[in-house]
Amino acid sequence: MVPGRAEPAEGEREEGSFADDSTQDQRQPPPIDGLAVVLEGDRLEAGGKLFPLTATALEIGRGRSRALYGDVDARLELPDAKLSARHARLTRDRTTWAIEDLGSSNGTWVSGERITRQRVDCGEAIRVGRSLLTIVADAGPALDHKRGEAWPFHTLSSQVARGFAALRKVASGKTPILILGGKGAGKEAIARAVHVRSGRQGAFVVVGCATLPASLIEAHLFGHQRGAFLGAARDELGFFRAAEGGTILLDEVGDLPATTQAALLRVLTDGAVTPVGAFSPVPVDVRVVAATRRPLAEWVSAGRFRADLYARLAVHVFRVVPLRERRQDLGVLLASFASELGRDVRVRPEAAEALYESGWPLDVRGLKTAFEAVVSRAEGGVVRATDLPDWIFTPLDGEPSVRPLSPEERLLRDQLAERLFATSYDVEEVARQMGYPRKQVERWIIRYGLHKG
């Protein structure tokens, strides 16, 4: 089940929202559930799609196109050749859902297990044919996001949609924005989208604060004059003046040393920079977007980050929701990656489930890296579970993820075990028999715990 967010304490600013968006309309309609078509394995380019679950019963079956029909006894049709005409039925009992297989040829699967009838929780993976579905709680904001302007990105997550709606309100302004998120979460992409929407005509300049040489940080940020220090052979504008009329992204702003924090505060206060070696400040018109994976609010309390600078940067705070909290967006992302690669890609159900169940320690960047690597070697453009790299199942603490094996993986494990036993653990011979490189067979031995011993 996808973890939810705890309610913020009284007086605490909620992550993913904005300081000027604290009031909420008390007349909001009650939340509704949604059914997300996470992906269709044979039509990856179709991406994900969210449908409202307002009916008490919904039948799932094969059709000519992806569409939802009816209000009371609804029917979802998917152009999936592996679906039966009447494949499965979802039914609601007050606040819970159950799914029943209707005697389909290829079965209905929940979290990797074939079922006849079973209760299903929001966030659980439902496989019918070669399509992956999941129920989404509180789907209203995501449905509104889909119907309206899907800015800056399409999403099936209401948590993400709420954040985007708030971000849209301030993107065209000039006040600073602080983006919070882990490695690979997409902070730079969000900042770039803000810059584009702002309409500012200047450049979008990205500064990796953690990579700047300690002795030259201020020279890089604010510029310098010729002769200001050894090696300063000519005048340099610096990043802030290079972004004149545009937007500067201070990535990993939490890594700036204390002296530079003080200088940055002065720039935000005065709207001017003083190049190293100069005595007169130079006015700059720059929109500042800061990003960090550091817990800046905690660092302020601990004295590791200036409270006054934090107050300047955090006028609007946006939290990038990690992929593990919005797994229903998997198909949306994969469709985008496949389009960038210009490849016709199909994903087998077991591979889709494995991708869906991953904790994604490297977030969206990790998904993209893994997908591009797998597609480059996928036979016939078909991604199978056995093609996926092992590291996607390892969370940040370094311990392997515990997840049930898919039927395809169980079959592979059993075949591998038989061949290892028959050859007295001659891995080279097993690799030859199976038609795979030795290193791949060694990875499977580790994954399935088939060490000799």
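## Crossing of helices 1 and 2

A crossing is left-handed if the near helix is turned anticlockwise from the far one by less than a right angle, and right-handed if clockwise. Helix 1 passes helix 2 in a left-handed crossing; helices here are DSSP runs of H or I with at least four residues, numbered from the N terminus. The model is predicted, so that local features need pLDDT of at least 70 and side-chain atom pairs count only at pLDDT 80 or more, while totals for chains, interfaces and linings use all residues. Residues are numbered from 1 along each chain as its sequence is written, and side-chain values use heavy atoms, with hydrogens and water left out.

The axes of helix 1 (residues 140–147) and helix 2 come within 7 Å and cross at roughly 60° (lines fitted to C-alpha atoms over the stretch in contact, with angles from 0 to 180 degrees between N-to-C directions). Helix 1 is therefore oblique to helix 2 (angles under 35 degrees count as roughly parallel, over 145 as roughly antiparallel, 65 to 115 as roughly perpendicular and the rest as oblique). In the contact (heavy atoms within 4.5 Å), G140, P141, A142 and H145 of helix 1 meet S158, A161, R162 and F164 of helix 2. These residues comprise 4 nonpolar, 3 polar and 1 charged (Ala, Val, Leu, Ile, Met, Phe, Trp, Tyr, Cys and Pro count as nonpolar, Asp, Glu, Lys and Arg as charged, and the others, Gly among them, as polar).

## Crossing of helices 2 and 3

Helix 2 (residues 158–171) also approaches helix 3 (residues 187–198): their axes come within 9 Å and cross at roughly 45°. The two are therefore oblique to each other, and the crossing is right-handed.

From helix 2, the residues F164, L167, R168 and A171 meet I190, V194, R197 and S198 of helix 3. By class, this contact has 5 nonpolar, 1 polar and 2 charged residues.

## Crossing of helices 9 and 11

For helix 9 (residues 330–341) and helix 11 (residues 363–377), the axes come within 10 Å, with a crossing at roughly 50°. This crossing is right-handed. Helix 9 contributes L330, L333, L334, F337, A338, E340 and L341 to the contact, and helix 11 contributes V364, L367, K368, F371, E372 and V375. The contact contains 10 nonpolar, no polar and 3 charged residues.
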